[in-house]
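Let's take a look at this one together.

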Amino acid sequence: CSHPAPLGRGGGGGGGGARSAPAAVSQHPCSVTNRVHHPRPDPHVRIAHTSDWHLGRSFGEVSLREDQARFCDWFVEMVDDQGCDLVVIAGDIYDRAVAPTESIDLFRTTVRRLLDAGIRVVAITGNHDAADRVAAYSELLDHSGLVLRGGYDRVGEVVQLDHGDGPLDLVLLPFLHPQSAP
């Protein structure tokens, strides 16, 4: 979205009084406001599958940044409204290997909003993404609710997510560039 990211998290200013909202609710202006993701009575996992966001794309001199920000806002609200437990992003997060900074910020903010809503995110890199840049911190991210894979590192590894109806095993297969083969 076009709003700047919040400077801090947690309760607002002002004096004493009990907190009325959990600390995990994002203070982002486009966040899913005054709502916390609650699991549905149905124990089956609900998955939203998407791909090819191509953040940073433009048509000649015409930037698509604002359109992409509106898409991300809509997407976060839609998956929360639908009660999704998991978002799968199947490649081409960015439009080019060296993504513009504002596109990286948009992806980070969107993922943060999904995680704040209690929705896990699993993503792989595509042929437009630079696997070594996008997935450089995948091991650290695994513990945050975001599972991100790219390139040959950790290919074929089974990622197990726990849900109400039992474990969900995922094998993430990102785009594998032949010139980068070990």
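## Charged pairs and cores

Asp105 and Arg108 form a salt bridge, with their closest N and O atoms 2.4 Å apart (a salt bridge is a side-chain nitrogen of Lys or Arg within 4 Å of a carboxyl oxygen of Asp or Glu). The two sit 3 residues apart in helix α2, so about one helical turn separates them. This is a predicted model: local features need pLDDT of at least 70, side-chain atom pairs count only at pLDDT 80 or more, and totals for chains, interfaces and linings use all residues. Residues are numbered from 1 along each chain as its sequence is written, and side-chain values use heavy atoms, leaving out hydrogens and water.

The structure holds 5 salt bridges, including these:

| Pair | Closest N to O distance |
|---|---|
| Asp105 and Arg108 | 2.4 Å |
| Arg70 and Asp67 | 2.6 Å |

Arg149, for its part, belongs to a salt-bridge network with Arg154 and Glu157.

Now for the nonpolar side. The largest nonpolar core has 25 residues, and Leu55, Ile93 and Phe107 are among those with the most contacts inside it (such a core is a set of buried Ala, Val, Leu, Ile, Met, Phe, Trp, Tyr and Cys residues joined through side-chain atoms within 4.5 Å; buried means under 20% relative accessible area, exposed over 50%, partly exposed in between, with a 1.4 Å probe and protein chains only). Its largest share, 5 residues, comes from α1. Apart from it lies another core of 10 residues, including Leu86 and Leu172.

Methods:
Helix = DSSP H or I, 4+ residues; strand = E, 2+ residues; numbered from the N terminus.
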